[in-house]
Structure formats: structure tokens, C-alpha cells
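Please consult the sequence and the structure shown below alongside the text.

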Amino acid sequence: MAYILALDQGTTSSRAILFDQAGAIAAVAQHEFEQFFPQAGWVEHDAMEILTSQMSCAVEALGKVSARPRDVAAIGITNQRETVIVWERSTGKPIHKAIVWQDRRTASRCTELKESGAEETVSAKTGLVLDPYFSATKVGWILDNVPGARTRAEKGELAFGTVDSWLIWHLTSGQKHVTDVTNASRTLLFNIVKGEWDEELLRIFGVPQSMLPEVVWSSQKVGEVTTTLGLGGVAIAGIAGDQQAALFGQLCWKAGEAKNTYGTGCFLLQNIGTGRDGNGTGFVRSKHRLITTLAASAEKRLEYALEGSVFIGGAVVQWLRDNLKLIGSSAEVEALAAGVPDSGGVVLVPAFVGLGAPHWDPHASGMLIGLGRGTSPGHIARAALESIAFQVADVLEAVESETGTPLAALRVDGGAAVNNLLMQFQADILNVPVVRPQVTETTALGAAYLAGLATGFWAGPEDLRAKRQNDTCFEPKMNASERAERRGRWSRAVERAKGWTE
């Protein structure tokens, strides 16, 4: 068998990537799908379009190398994590559009839960904060707003899942309703200390246990494809939420190793191992409003990571393209930004859906300040790219405060990581080398690694380490005074965005 197939279901597109024995990309197929914004702060997807776009990509990728099912050793799945789908068990049809992780419609519900004193219990068991970003309040919203949904759920007629569960359900014709530990850890319903769904959390959020998938390890065979889309009989053997998959794909398997993924949002994760707190669990609650989450592991054990999430990363480039019409395609942003030596004093805070870590302010508003008569599209484009790097710097500062250990280097991946101007500015503003691997699609690569290790496609972790090749290392060049001035200007702008009222 020549390949591992990674299904990489993201926020704005579905992709399928075939990896060969060397861990190199043999074929890629990608399809964007529609984004729905029914109200301010609401973001939805058509779950059936997610499914069809993902299956179309898989068939297309196989066709590019004339591969048949017998040529595929296993499938690894990685996905946008907190996005919620609720469907009928009898038909497999969703009862509402998928509510996307960016969606803020349950902000008031989270505020109510905080005021009731629930946040301490939730955080102690899940490592998360009470925020509409996560799945549980989204599930509750669907049950309370779709007529008859709660009654049907209590009767066991409805299933809930993140996107991995949704795909596997349909790939196996409804035979497998599963999720892995990394995706479960993003729901606010899974006790990451004990490694199980938690009855108290289910009561707090009003989610019937009958809706939940079985939780499996990230690297194990969970079933075989039963559809007739050219994948029949292929084992599904790897599952991980996109950021944990990227952490695994970057080979950050030891405590202290960290990566940042530049996708629609930005996600910085640092592995903290299995026993950092001294009691063997590895669960450590953050003191700096970071998230403690479960990391993907090939060892079938609970491993942990600290995570800081930035809601608007690469999506700010889409905003320049679709809303401001400054560029015709996302790829044009680097050339536009490089046309000016700096941002000309312009600062953009892209708090379009609030601010994530370490601020966790769902009510913050986007802000573009420092404009003058000489401001050009290039200055705005550069400020947009810099806003991504500044947000990552805020998160890394919180991570270093948590661990007390400065990073030796930051490993990077994701779509925006190919932007050299952004990567150089990231190194400058962090004063840390930024290392970009040869294969930047480490989210899909991590899912492939997990599936390949579970099926013997790769001999073991050291086999994978031997294949790793770094592409580019961006060394910091900015002097200390300029770095301090730029960080200070950014921090002042963020405080204004947090305090803005309509």
C-alpha cells in the first residue's frame, strides 16, 4: 500500500491529501464551501456541503495518482474542532446548520453560567473557559431553538458530534458514532482529568448523554469505510482536532515543544506532557487564561498541552479581499504589504468576533486606527499581516509566563506560514527564531502520522523523526527599542478595542 489519505476538514474549505512513505505530498484536492452569517456574530455551515465537499476531494485526490482503495493503507481525519452538528440517527440528516466555532450567539448564555458560579467547576474538569467558542452551549442552543429537538434528543433520536464524528458516521453508513479524545476535550462536556464524559457537566449544559459519541484514542483503527466512493474497505485509523493534529505533525511530542498554526485563526500549542503537575495526570490549570487541552498521542494515554487561540488569523486576509476589495486573491497580500517599508503607524485589531486568548473578551470590536492622509492600501495590508503576528506574540507571552521557560524556537505551519513577510515579522516581534518545515501542511500530516502509526505504515516515532526536514529559519532582526515601541502601540490599540461600545 502506497499512501495514507488525510481528510482535512477546515473552516473555509475541505481538503484531501495523499502522503507517501516518505511523508511527502503525492496529491492534493481542495474545495471551498459556503459561509453563512445569518446575524451579526453568527457563523454557520451547511453540514451536507461539508460532507459532499470532503468526499469530492477524497475522490479527486485519489484520481490524480490513479490510486485505488488497495493503494491506501488508512485514512486519518482532522477537523475544525468546536463546530457543532446535530443530526437524526434514523436518516443521518442534520436538524440545523452546523454552528461554527467562531459563532458568538451563546455569549449571553456563557455570562449566565459564569454568574451562576459554574465556571470553576467547568474549568477544573475541562481545562477550558466558559466561552461561546466551545461546543456545549452551541448544542444547547440547537436543542432549545429547533422545534421538538430537546424532546427528540431525550428520546435518543438525535446524535451530536463535531465534524470528525459527522464524517465518520457517514463514511461508515452510521455504524460508528465516535470522536477522539482531542475533539472531545473541546466540548466543555468531557472530563480531561478522568478521560470520560462528565455527568455533572452534561447537567450544567443540558445535553442528554444519549446524543454523545463514543470516545476513542487518536491513533487506533475505529472502523472501515462502507461507502462506494472509491474508498470502500479502507481503515479509519487516525482522528485529531486540527490543532492537536498539527502539534503531532510538527513532532512536538515532548514537554516544552510548541507550534503555531496560521489558519483561519491562529493556534499556539505547547506540549506539557503526562505528569508535569507531579501526580501523573499532566493536567495543569492555567493561571494566565490559556486553555489546557488533550494532545494527540500514538501511545493511547492522556497527554496534555497548553493552548492559546486567536480567532481571526488568516481570516483577516479574507476580509481584505472580500470586504475591503484591496486584493483579488489572498496570495496577493504579501506583495501589496511589501510595497511599503512598514505599516505607517496603522494598527488593525481584527476583533471581528471578539478576542481569544489571553483576553477572552467576546464583546471586543475590531479597530483600525492610526490612519493619515498618506495611508495607502499597502499600509492597511501590512497592518493586517502584523495583527496576526501581534496576536500570536500575546499568546506566547502568556505561555512563557505559565511555564517559566522561554521557547528556543517557534515551529510554524498553516496556509499563512508561506508568507515570508509575515514570518519575518513574527520572528522580529517575538525575538525568537521561527522555523517553517518543508511540508507546511502539518495538520493533515499529523492526521496521516496518527493513522500510519496505528496501521504499521510507519514503523514508529523515530521513523518519522528521521524524515523531518526543515525548510526555512527566520531569525529576528528588529532591535529591542523598536520591538518595545511596536508592542506597546499594539497593546494600547487592543485595550481600546476591548473598551469600545457602540
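A residue is called buried under 20% relative accessible area, exposed over 50% and partly exposed in between, with a 1.4 Å probe and protein chains only. The model is predicted: local features need pLDDT of at least 70, side-chain atom pairs count only at pLDDT 80 or more, and totals for chains, interfaces and linings use all residues. Residues are numbered from 1 along each chain as its sequence is written, and side-chain values use heavy atoms, with hydrogens and water left out.

- Strand 2 (residues 13-19) is mostly covered, with seven of its seven residues buried.
- Ser13, Arg15, Ile17 and Phe19 point one way from strand 2, whereas Ser14, Ala16 and Leu18 point the other way.
- Strand 1 (residues 3-9) pairs with strand 2 in the antiparallel sense over six bridges (pairing requires at least two DSSP bridges).
- Ala6 has Ile17 in strand 2 as its bridge partner, and three residues lie between the two strands of this hairpin.
- Strand 3 (residues 25-32) runs antiparallel to strand 2 and is joined to strand 2 by seven bridges; Ala16 stands opposite Ala29.
- The hairpin of strand 2 and strand 3 has five residues between the strands, and Gly23 takes a positive phi near 80°.

**Helix 10 and helix 12**

- Helix 10 (residues 315-322) and helix 12 (residues 377-403) pack at about 160°, with axes 9 Å apart.
- The two helices are therefore roughly antiparallel (an angle over 145 degrees).
- Val316, Val317 and Leu320 of helix 10 meet residues of helix 12 including Ile380, Ala384 and Ile388 (heavy atoms within 4.5 Å).

Note on methods:
Axes fitted to C-alpha atoms, helices over the stretch in contact; angles between N-to-C directions. Helix = DSSP H or I, 4+ residues; strand = E, 2+ residues; numbered from the N terminus. Parallel < 35°, antiparallel > 145°, perpendicular 65-115°, else oblique.
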